[in-house]
Amino acid sequence: MDEGVVRRRGADGRIPVRTLDRGASSSAAAAEPTGYPGGPYDTSLLVKYEHHVARHIWFGEERGPKKELKVAGHGLKLNSRVPLALPPQMESWVSRSGLASLQRTSLNKIDTNLVSAFVERWHLETYSFHMPFGEMSITLDDVACLLHLPIRGIFWSPQDVTEELAVELAVDYLGVSQSQAQSHVRSCRGSYYKLEWLYDIFVHHRAASSWAYATRAYLLMLVGSTIFADKTFTLVEARYLLLFRDLDGCSGYSWGAAALVTLYRYLGDASMYGCKQLGGYPTLLQCWIHEYFPTVGKRGENWNPAGNCGLPRAMRWSYRQGVPKVDDLRPILDELTPTDVIWRPFEDHRAWRVFDEICLYRGCLKWGETVVPYLPDRCLRQFGYRQYVPSPPLDCMMATDIDVDWINGYLEWYYRVSHPRLVPPHRDAPREVPVPVYDAGPSDPDWARVSTLIRRYLRQVNAEEEDPQFSDLFEALHISRSH
């Protein structure tokens, strides 16, 4: 596609077929599937779009009286429950587990409007957010940089845990009595433990210097409040205690993949119209938004990344009051272009988290019985590559290598199978909307070098094209790209 080409959208927000495929015959165009107003007219990709919240929002149908989701956030509770310093006997186990960074990464408050606005763009067929300019996703590299969790390691395949086994596990590995465990599990009405109960066990065993019991209760409470948070907001599954039977061996798990699988699973649920809650670790999602979308929502900053001491990047951010509502954010997201995105936000964090090529793995991630596709080829721009039309999601198990060859036609394909907007444009004032092209890149190597240097500086200073003091640099960037 040529730089600067303008496509005229119709009143339904779509680009007409004739602008998408100039070589198509009129009979071929007429044979196109009807699709959905405001949504894909080629329904071969988003096969569950009928039940997606975006289809309903287009017609003004909200999930309920509250447009935002109910989100599980435990940041304030964790701050009161997680001590600044653990006893050395516990600190050693926690540090070796690979989970120590979770002690301080949780946001005190979640911006439910911001999180909900992005969830409305998540599609479980592609495991990605469908933005106006293409797909983006939370990757293993994002998890590594934001949370400092290990992304290499083994996946976990648990055994079934009945209520009877949940009682036995609590007796053997949490050091409670049989009667206490039975009473508690019965009150949970399933194979669960209450987070408050685990905290009380942790406090009791710490005072009694029963370090192994205290550490297991502490770690189970920690993951149950963060990466394994569910939609009950108060419980954690008893099966996760199996992860901490051997405190010296639990460091071998890919905790980063576990966090991603869990969040992917809940994002898929919450993208459906009938769902009103989001589980998983919302801090991961919200901090990901803050890193990539500096102009969207409100964000408080605790420190400048240039002067940090290698802390997880999630600790950079804090909640800021005065946030826009969901229906205010929808048209803002609809108008985003690639220049509104910091495509590689963690380049100044590589001294502490070097990019791991495993992040480009294309296939499936597994945690417990949950298996999700991991498809970095759908968001290659986040890795510094030009985006191409990706392979179908269902063949991810057949792919062995990530193909980064640059090919044409991505946006033409994307607008056929996705929905560029979430709310209809003004019916009385249709306007031309430029379809952006990300980084077409100059063909001359000298100009390519100039373009790279300018872009690098603009990213470092978080420059925006609307800022007058950077207008000359952005003009120079556009000139360099045209050569």
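The following dialogue examines the terms used to describe this predicted model.

Visitor: Why is R378 called buried?
Guide: The term buried applies under 20% relative accessible area. R378 has a relative accessible area of 1%, so R378 is buried.

Visitor: What makes E135 count as buried?
Guide: The relative accessibility of E135 is 1%, and therefore E135 counts as buried, the limit being under 20%.

Visitor: How do you know that R378 and E135 meet in a salt bridge?
Guide: A salt bridge requires a side-chain nitrogen of Lys or Arg within 4 Å of a carboxyl oxygen of Asp or Glu. For the side chains of R378 and E135, the N to O distance is 2.7 Å. The structure holds 19 salt bridges.

Visitor: Why is the contact of D141 with R350 called a salt bridge?
Guide: The two side chains meet at 2.8 Å, N to O, and the definition asks for a distance within 4 Å, so the term applies. D141 belongs to helix 7 (residues 140–147), while R350 belongs to the loop between helix 14 (326–334) and strand 11 (363–367). The two residues are 209 residues apart, and the pair links distant parts of the chain. Both D141 and R350 are buried.

Visitor: What makes R350 count as buried?
Guide: R350 has 19% relative accessibility. The limit is under 20%, so R350 counts as buried.

Visitor: Which residue does R350 also form a salt bridge with, at 3.6 Å?
Guide: R350 forms a salt bridge with E347, the closest N and O atoms being 3.6 Å apart.

Visitor: Is E347 called buried or partly exposed, and why?
Guide: E347 has a relative accessible area of 37%. Buried means under 20% and exposed means over 50%, with partly exposed in between, so E347 is partly exposed.

Visitor: Why is E163 called partly exposed?
Guide: The relative accessible area of E163 is 36%. This value falls between the limits of 20% and 50%, so E163 is partly exposed. E163 is placed in helix 8 (residues 163–174).

Visitor: How do you know that helix 13 is mostly covered?
Guide: In helix 13 (residues 282–292), 11 of its 11 residues are buried. Among them are L284, W288 and Y292.

Visitor: What makes the patch of W447, V450 and I479 a nonpolar surface patch?
Guide: A residue of a patch must have over 30% relative accessible area. V450, for example, has a relative accessible area of 33%, so V450 passes that limit. V450 is placed in helix 16 (residues 445–460). The patch made by W447, V450 and I479 covers about 230 Å².

Visitor: How do you know which residues line the second largest cavity?
Guide: A lining residue has an atom within 4 Å of a point of the cavity. The residues of this lining include F228, D230, R265 and W367. Helix 12 (residues 255–270) gives the most to the lining, with four residues. By class, the lining has five nonpolar, two polar and four charged residues. The second largest cavity holds about 80 Å³ of space.

Definitions and conventions
Residues numbered from 1 in each chain as written. Predicted model: local features only at pLDDT ≥ 70, side-chain atom pairs only at ≥ 80, totals over all residues. Heavy atoms only, no water. 1 Å grid on protein atoms, 1.4 Å probe; cavity = no way out; pocket = protein on both sides within 12 Å on 5 of 7 lines; lining within 4 Å. Points joined across faces, edges and corners; volume = space filled by probe spheres on them. Nonpolar A, V, L, I, M, F, W, Y, C, P; charged D, E, K, R; others polar. Patch = residues over 30% accessible without salt bridge, like charges linked within 9 Å, V, L, I, M, F, W, Y side chains within 5 Å. Areas by Shrake-Rupley, 256 points an atom, 1.4 Å probe, with all protein chains shown as cover. Buried < 20%, exposed > 50% of the residue type's maximum accessible area, 1.4 Å probe, protein only.
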